[in-house]
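Visitor: I'd like to learn how to read strands and helices in a model like this one. Can you walk me through it?

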Amino acid sequence: MIEAAKLFLSAINILFIVYLLGYMTFLFVSVVSGVNELYEGRKRAHLHNYLHEDLYLPVSIIIPAYNERVVIESSVRSLLELDYKIYEIIIVDDGSTDGMADHLVELFNMKQINRPIRLQIACKPIDAIYESMSTAIPLTLIRKENGGKADALNVGINAARYPFFVSIDADSILETEALKKVAQSVLESDNVIAAGGAVRPANNLTIHKGRLVRPTMPKNVLACMQVLEFDRSFLASRIFLDRFNANMIISGAFGLFKKDVVIAAGGFEVNTVGEDMEIVMKLHNFCITQDIPYKIKYVPEAVCWTQMPTTLRDLTKQRRRWHLGLFQSMYKYRHMLLRPGAGFTSWVSYLYYLLYELFSPFIELLGIAATLLAIAVGLINWQFMLLFYGIYVAFGWAMSLTAFFSRIHAVNLHVTGGDVCKALLVSLIESTGLRFILMLVRAMAFWGYKKKRLQWSKVNRQKVNIR
Amino acid sequence: MNIETVIYSYTTICCGMIVFNILCSVYHVFQERRILRYGYRLEVLMRDGVRRTILNETLEANDLNGLGKRLKNTDQLVAFDRVMQQLLEENESAARRYLLALEPMFEILCSHYRTGEGVETAYYCYLLGRYFKGIRKMPPKIGDFLRGRLYSASLYCRQNAIGAISAIGDQASLLEGLMILNRRPGSYHDKSISEALLPFGGDRAALLEGLWLHFEGYDQPMQLAILNYIRLSGGGCDPQMLGFLDDETADTELRLAAIRYFGRYPNAEAKSRLIKLLSDFRYERWEYAAVSATSLAAYSGHDVVEALKAALYSRDWYVRYNASASLERMGLDAEQLSDVLSGSDRYAREILQYRLDTRRARQSQMTEPEEVLVYD
């Protein structure tokens with residue numbers, strides 16, 4: 001029995017060393033690459049290395065919304081202030097029950113109108129369409145039957161007038177130049193079919209003329225941890241994978257898409273909770289299968305601020321949904337794994353998401369189980385275990401801080417000494433505490449999956465102050 | 001090598017990166033102060049130079065050499081540009097004469113920035129375009145430098161270089177530059193070329209003559225960029241554009257650009273051609289019909305209205321949509337459109353009704369203005 005346990009634990013040891021070494025190497029290479037890219041980006045902006053400011057593409061901004069009465073006004077008002085020449089805003093009310101649509105109609109003096117819409121993607125019936133004639137930017141509100149976020153996006157695509165559309169969450173605020181910056185990626189290459197911006201967590205926001213007034217670290221500890229987590233995740237994987245056209249996700253909070261390609265690929269998938277990942281994998285798959293030259297870009301200079309869950313309950317709900325979405329997308333496009341001719345997307349990106357995102361909670365649980373078994377059979381080497389754990393925590397801590405400081409100097413963010421102290425402390429708590437809680441949440445994400453798979457997640461929103 | 005060593009190494013390098021980032025943040029704080037300090041010093045020198053130029057005095061060779069050496073440093077160049085911006089605002093003609101007097105120095109600097117980093121070289125190209133805007137005769141060394149940058153791997157370098165060549169306003173250099181870019185497929189976006197051409201600082205008529213002379217030698221994206229430039233910069237090429245409307249074998253995008261051109265610059269001869277294109281209901285011709293429907297909004301006459309009304313019954317959604325928009329823009333009322341509104345075609349009726357409702361709503365709201373864009 002002891003021999004069998006020894007053999008098992010030896011195998012687990014090897015598995016973990018290979019697994020962690022692979023993870024750390026990926027993280028390390030991508031963070032170094034990301035830091036370099038951010039540094040170059042700042043230098044480019046400082047020395048006028050960008051395309052002419054008058055270049056533009058007409059863009060339709062689609063906001064799918066469900067019961068977002070608290071935040072929708074600030075979101076729309078900030079969008080009306082974007083530094084961009086030609087765009088329209090389409091809000092799709094997915095059967096809200098909090099009076100959001102009436103609130104918008106009243107706020108923006110909208111009139112109901114019989115606008116014919118070409119239904120190029122199947123979607124739930126539209127109840128009514130309103131337009132505001134008094135805003136400088138065309139503003140449309142579409143009321144429809146409840147069908148989920150993906151269905152609301154599909155309605156928005158059908159109604160969009162322009163060849164490119166941006167999907168943003170109702171609680172997100174775009175920086176005034178974000179649209180210009182993300183659209184420039186399309187002008188840099190004709191093959192760009194989608195581009196994602198950087199999503200930064202921000203709660204207790206104040207907006208003046210569409211600009212955030214001094215965004216700092218949030219007061220809430222959980223939100224602070226998410227700031228660090230987002231910095232690390234965006235810096236670590238997105239910038240690096242972008243170099244190889246291998247990003248497999250564009251955050252639902254802010255993404256630009258070429259409309260005709262999305263329509264040709266079938267639009268957003270309604271039977272998933274992770275429509276933002278699904279659409280990117282679908283576009284990869286579609287373009288590879290159809291032999292269409294394409295690029296999916298990540299633009300770190302285009303910043304979108306979004307509200308973070310501030311309670312553990314909301315956070316676990318969000319992460320559960322993300323993990324389910326990840327599973328659904330990866331399962332649906334499982335043929336992309338190690339697919340000949342699919343390049344880096346298939347051989348590195350898919351593999352990374354599979355091993356270090358989808359399987360990671362289970363592998364970590366296996367590690368805990370193996371540790372408990374080793375303790376039970378008296379085979380634990382406490383000194384080595386503590387050392388290994390310490391190094392792992394220190395490495396994660398160093399990575400989080402690298403990403404945090406890189407973002408500060410590269411995007412020219414203003415932080416106080418208090419913010420830096422908070423980052424130092426919270427990053428330590430995040431790598432020792434929150435990470436394990438989220439691991440358990442993700443491991444248990446499939447419980448109750450069928451029952452709630454198409455529901456909008458309900459997260460408490462905070463009103464944004466507009467000055 | 002054991003696992004601990006690898007992890008220790010990574011952690012050490014990460015700590016190094018944290019230190020690097022902190023140092024970078026500090027550096028950027030001091031960089032701004034340094035640029036300001038450089039600016040104060042340069043301002044004295046530059047104001048003296050402007051004064052001398054106004055008095056028709058020659059600039060001291062030592063001063064020029066000294067300034068040239070300083071501007072090899074990018075921070076000094078940024079500071080120089082800030083001061084120059086100020087001088088241009090105060091007295092543009094004097095500042096421009098001073099810049100012309102500095103031309104030999106800029107030519108020498110070209111050899112420095114030729115070998116520099118892509119980002120810095122692109123910046124230097126951008127500055128040359130601003131400083132020598134509209135001089136119309138390309139200084140030889142600057143011309144060589146800018147044309148050379150069109151081969152750069154950096155998109156921004158190429159874009160700033162072609163923008164600078166265009167701004168300087170020497171059409172021969174610009175035509176040569178366009179040809180260089182044309183020989184590098186995929187190195188530019190047609191929109192970015194159109195935008196680079198727009199601030200052309202020379203004789204537009206001479207440029208157009210040159211562009212048409214070389215037109216056949218360009219690839220389709222460059223041809224499209226040129227047609228769009230002509231449309232956006234004042235027209236004046238009706239005969240050539242009519243040629244595109246008539247040439248069935250011409251590239252679709254070029255013909256569509258010509259149709260858009262006549263939407264901006266109405267032409268009696270183009271009118272009948274646009275109506276013909278709109279009335280062609282063949283499925284494969286829908287793009288011509290859709291764009292013609294939009295362009296015809298700039299024309300008047302019974303024949304135009306009838307063609308647009310007929311287009312409301314098109315099988316193509318975009319043709320119907322654009323035709324209804326044009327009818328609305330032409331200001332026709334419900335009575336004039338009653339045949340469609342009371343007709344049996346539901347799609348035609350609905351799309352037209354939508355336009356009329358939109359106009360009515362807009363007009364009613366104009367009397368009761370809504371200050372939705374004001375933040376209080």
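**Reading a sheet, then a helix**

Guide: Let's start with one pair: A:Q112 stands opposite A:Y130 in β4(A). Keep in mind that this is a predicted model.

Visitor: In which sense do β3(A) and β4(A) run, and how many bridges join them?

Guide: They run antiparallel, with 2 bridges between β3(A) and β4(A), residues 126-132. Zooming out, 10 strands of chain A make an open sheet with mixed pairing, ordered β3-β4-β5-β2-β1-β6-β11-β8-β12-β7. Its edges are β3 (111-112) and β7 (172-174) of chain A, each pairing on one side only.

Visitor: What joins β4(A) to β5(A)?

Guide: A hairpin, passing through 6 residues. The two strands pair antiparallel over 6 bridges, and A:Y130 has A:L141 as its bridge partner in β5(A). With β2(A), residues 87-93, β5(A) pairs in the parallel sense over 5 bridges; there A:D93 is partnered by A:R143.

Visitor: Which way do side chains point in a strand?

Guide: In a regular strand they alternate between the two faces of the sheet. As for β5(A), 5 of its 6 residues are buried, so the strand is largely enclosed by the rest of the structure.

Visitor: And in chain B, how many residues of α12(B) are buried?

Guide: 10 of the 13, so α12(B) is largely enclosed too. Among them are B:L224, B:Y229 and B:R231. The cover includes α9, α10, α11, α13 and α14 of chain B. Helix α12(B), residues 220-232, reaches 18 Å from first C-alpha to last, close to the 18 Å expected. Just after α12(B), B:G234 takes a positive phi of about 125°.

How values were computed
Residues numbered from 1 in each chain as written. Chains lettered and ligands numbered in written order. Predicted model: local features only at pLDDT ≥ 70, side-chain atom pairs only at ≥ 80, totals over all residues. Heavy atoms only, no water. Helix = DSSP H or I, 4+ residues; strand = E, 2+ residues; numbered from the N terminus. Expected span 1.5 Å × (residues − 1). Buried < 20%, exposed > 50% of the residue type's maximum accessible area, 1.4 Å probe, protein only. Contact = heavy atoms within 4.5 Å. Pairing = 2+ DSSP bridges.
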